[in-house]
Structure formats: structure tokens, C-alpha cells
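I opened this structure to go through a few spots and some helix packing. Here are my notes, in the order I looked things up.

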Amino acid sequence: GTEWGLYGSLDGGRQWAQIKAGIPNVAVRDLAIHPREGDLLVATHGRGIYVIDDLSPLRSLTRDKLAADAAFLSTRPSVLSIPRQEQRFAGSADWAGDELPEAAIITYYLKKRHLIGDLKLEILDAQGKVLSTINGGRRRGINRVEWPMRLKGPKLPPASNLVPNFFAFVGPRAASGPYTARLTKNKEVYTTTFTLVPDPRATHTVEERAEQVALVNRLYADLNDLTYTVEGIQSVRDSARARAKGLGKDALATKLNAFADQLETLRGKLVAAKEGGRLTGEEQLREQLGDLYGKVNGYDGKPTGGQKSLAAVLEGELKKGTAEFDALLAKSLPALNAGLAGKKLPALERETRAAWDKRNEDASGQGGGKKLIEALTQAYGFGDAAAAGERD
């Protein structure tokens, strides 16, 4: 620590470099290394206390790694902290620092700034399955990339009501154990392993945690299935109404509108669709399934017997709604599409599950701003133009 900031050496003091990391050029009065966490605590004169989390990467920055074009650096095990949700209004008198993110930190060194070509970081589980793809940091020197230790948030179909549970909009947590990080820099590939460990405060057994993981992933898949069904209903409904509008007072237009009305009635059984939004308090399958998923997702311990029973009931309702949609398509589409063909209009068709999965997988790779907007849109039900009044 100096009068003008913090400096560090990797060769026993022969050469020194200023460590900025958000630390201004102020007098550093004292330094300490936390004995348990391995963090560097920096006490300044007039700017409070700074903490540089986890010195493991600096300790592993050897001459060989400094000479390489790219190299992973060691990190401490990442803790699966007990999830929680809090809302407070602290005002201007809150001087607490930021907490560590609920994320695994993957750290690597680049000899030069990466300017041309692809640079991506993939996270793989113990079986080699890719769980997440992250845009890696491209800056020269040490890059720290956060992986949220969760799958992407589940798909929820748009509706007029809110699922009032934060954990309904985030993906299931990864299980504890070893994982692989794979950095692809143009044609060069680098790999390392890292470990997720349970929160030391947690009292859940391995078996209880396994039950939670199994149920939350089951409900996660159910929500995706529900969204595929509801989006299919909306898409075919809107297509039928668009074809009918172009036909004027033709008899086929009447049939198309009647078919669209049947689809809207079915949609109303699966999602909250009444005008008035959250004020109606309407709860259909989407709201019930989303709330149950959020409750199981927000607690790492064993699910209750009631939660497991309710999951079975809701899955039965989901199968019933999906079967009703399939039956309605099988009954009505052949005659309607024959009529449309006679008028040289495009047929009505449902998007295949494979195409829907690919489209949503591609969309998940968009920027963080788009993800945030999408999450808020789903949370507040602003996604369905056909449900009158919700956007207002």
C-alpha cells in the first residue's frame, strides 16, 4: 500500500504494477488477507474499505501462464449460497458494500486483447453436456466471467396476471460437484475444471437436495411444455383471424373466426386472460404451475408432500389441455386448410416442437438487455396483444 494506491508484485518485489480494480489513487494504510476466504482487504484513508475477492488467480499466475496466449487461472470453490429474496428501502444512510453475486467466477488470462474472431466460454457438466454459453471477456490481462450457476429462466406464456414469485423467473440451480469451463478463442480451445459446493450453513442431506433437483427440473420442463402449447394456440388463432379478415363476409371467414374463438376459449383455461390484469386475481394453470415452480426453486431442501401431490395434479391438467389442442387441430384443420387452398391462401399450421426449441435457444443468446426486458415482459404479462387491455 502506498500514498498513491495499491501495488502488487509477482516476482518477489523485483517488478511492481499498480492494481486498480476500481481502487482509486488514494492512500492505502493497511492490508490484510482474510484467513478463510483468501480475499485481500484494503484499508484506505478517506475512501473506506475495499475487498479484492479471491487471490487464487493471482497466486497461480506463473511465468508460463504469462507467456501463453491464453490460460485459465485457479479459483476457489464456488458456494451455492442459500437463495433468498429481500426488498428494502434503505435510503441514503446505507453504507454497506455489495455482496458477492450468486455465481461461479471463472478466471483466465489473455496475453493480448482479443480483437478478431470468436471468443466464447462454455460451461459443461460432469457428463460433458453444455449447460451455458457466455460471451467471454476480451481484455488484455485477467478476465473474470460470472456463471450464474443456474439454467436460463423457464419460458412462461404471456398472460394478464403476474406470477408473484421471483424464483418463478430464474432457472433451476446447478447441483454441487465438478464442472468444466471451455474457452474457445478462434481455433484454439482451453479447458479447466471448477467445483460448486453447498452452502456450509445448509442442513439438507444429499438425498433431500436430490429430491428438490428432480422436482424443480420436472416443473421447469412442464412450464416449457405449457408455453409451447399456449404459443401454438395463439399463433394458429391469430393466423385464422388474419385469413378471415382478408376474406370479408365469405362463409369460410365465419368458420375461421369460429375456430379462432374455440382456440381463445382453450387459452383461457390455461392462462389468466380476463381483462383487468392483476386486479382480477384470476389464476389458471400458468399461474398455479409458475407459483409452485417458484416455491420449489427457491428452497434447496426436500419438497413437501403437498407440493409433490400438486405437481402431479397440475401435470394432469397440462396433459389434458395439450390433448384438447391437438384434438381441435386434428378435427378442424383439414377442412379449413382445404378451403384456404381453394382460395390460394396459406394453410394454417402449428410450429413444430423442434423449430420452437431452436428458435428459443437462439433467442437465449441475445444480450443482457433483451433478457431483462423479456423477463419483465413475462413477469408483468405484457406479451399478448390479443388479450385486450393488458398493455395499458
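**Entry 1: S9**

I started with S9, which sits in the loop between β1 (7-8) and β2 (17-18). I keep in mind that this is a predicted model.

Next I asked what S9 touches, leaving aside neighbours within four places in sequence. I found R14, Q15 and W16 in contact with S9.

**Entry 2: I233**

Then I moved to I233, which I located in helix α3. Buried or exposed, I wondered about I233? I233 has 0% relative accessibility and counts as buried.

Beyond four places in sequence, the contacts I listed for I233 are L263, L266, R267, L270 and F325.

For I233 and S176 I noted 39 Å from C-alpha to C-alpha, at a separation of 57 residues in sequence.

**Entry 3: α3 against α6**

I put helix α3 at residues 206-247 and helix α6 at residues 305-342. Their axes lie 10 Å apart, and the packing angle is about 25°. An angle under 35 degrees counts as roughly parallel, so that is how I describe α3 and α6. I logged the crossing of α3 and α6 as left-handed.

Which residues of α3 and α6 meet? From α3 I wrote down E211, L215, R218, L219, D222, D225, L226, T229, G232, I233, V236 and R243. Facing them in α6 are K308, A311, A312, E315, L318, T322, F325, L329 and L340. Sorted by class, this contact of α3 with α6 has eleven nonpolar, three polar and seven charged residues.

**Entry 4: α4 against α6**

I checked helix α4 (residues 251-270) next. The axes of α4 and α6 come within 11 Å and cross at roughly 170°. That angle is over 145 degrees, so I call α4 roughly antiparallel to α6.

On the α4 side of the contact I found L252, K255, L256, F259, Q262, L263, L266, K269 and L270. The α6 side is G321, E324, F325, L328, L329, S332, L333, L336, G339 and L340. My tally for the contact of α4 with α6 reads twelve nonpolar, four polar and three charged.

Last came helix α5, residues 285-297. With 13 residues, α5 reaches 18 Å from first C-alpha to last, close to the 18 Å expected at 1.5 Å a residue.

How many of the 13 residues of α5 are buried? Ten are, and I marked α5 as mostly covered. The buried ones are L285, R286, E287, L289, G290, L292, Y293, G294, V296 and N297.

Against α6, α5 packs at about 145° with the axes 11 Å apart, and I recorded a left-handed crossing. L285, Q288, L289, L292, K295 and V296 of α5 make the contact with Q307, L310, A311, L314, E317 and L318 of α6. I sorted the residues of this contact of α5 with α6 into eight nonpolar, two polar and two charged.

Conventions
Residues numbered from 1 in each chain as written. Predicted model: local features only at pLDDT ≥ 70, side-chain atom pairs only at ≥ 80, totals over all residues. Heavy atoms only, no water. Axes fitted to C-alpha atoms, helices over the stretch in contact; angles between N-to-C directions. Helix = DSSP H or I, 4+ residues; strand = E, 2+ residues; numbered from the N terminus. Parallel < 35°, antiparallel > 145°, perpendicular 65-115°, else oblique. Left-handed = near helix turned anticlockwise from the far one by under 90°. Contact = heavy atoms within 4.5 Å. Nonpolar A, V, L, I, M, F, W, Y, C, P; charged D, E, K, R; others polar. Expected span 1.5 Å × (residues − 1). Buried < 20%, exposed > 50% of the residue type's maximum accessible area, 1.4 Å probe, protein only.
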